[in-house]
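Trainee: Could you take me through one part of this model closely, and show me what surrounds it?

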Amino acid sequence: MESLPDIPRVVQLPDGTHAYLPAHPAPAVPPATFAGPQVVHQHIHQAPPDRTVQRLALGTGIGAGTMAAGVYFGPLLVGVLTAMAANLALLALLAAVCAWGVVTVVKSVGGADGKAAAKTVRKARGRRR
């Protein structure tokens, strides 16, 4: 008879329901002692992007394929436009540097033609003011 497992006891709780109690209660584990400051891992997540436009688009009846194309090609279009703007800004800077260089060379070379051109420019600027 010693090889048979212990049968849990059935008890009646004060509210009238029955519950099982184990034959041998689990041993109490002593609480762990404090071993210094605890490390808290906090994960901060970025808020999801706003999908209001997509929700409105789906509400108007366009399909999911059009929706996916908008999600894919929208950022792609922004990237292409940004690259084009950067190229145009670089070309504008290059044009300004070249113009400054030409003006500097014309002034430094001097000569009758250079002085006449500078004088004409000076007169034209004076008339505008």
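Mentor: Tyr72, Phe73, Leu76, Leu77, Val80, Leu81 and Met84 form a nonpolar surface patch of about 720 Å² (residues over 30% relative accessible area, without a salt bridge, nonpolar side chains joined within 5 Å; Shrake-Rupley, 1.4 Å probe, only the protein chains shown as cover; salt bridge: Lys or Arg side-chain nitrogen within 4 Å of an Asp or Glu carboxyl oxygen). The model is predicted, with local features needing pLDDT of at least 70 and side-chain atom pairs 80 or more, while totals for chains, interfaces and linings use all residues. Numbering starts from 1 along each chain, and side-chain values use heavy atoms, without hydrogens or water.

Residues 84–106 are 100% helix and 0% strand, their end C-alpha atoms 33 Å apart.

The largest share, seven residues, is from α3. Among the lining residues are Val103, Val106, Lys107, Gly110, Ala117, Val121 and Arg125.

Methods: Patch = residues over 30% accessible without salt bridge, like charges linked within 9 Å, V, L, I, M, F, W, Y side chains within 5 Å. 1 Å grid on protein atoms, 1.4 Å probe; cavity = no way out; pocket = protein on both sides within 12 Å on 5 of 7 lines; lining within 4 Å. Helix = DSSP H or I, 4+ residues; strand = E, 2+ residues; numbered from the N terminus.
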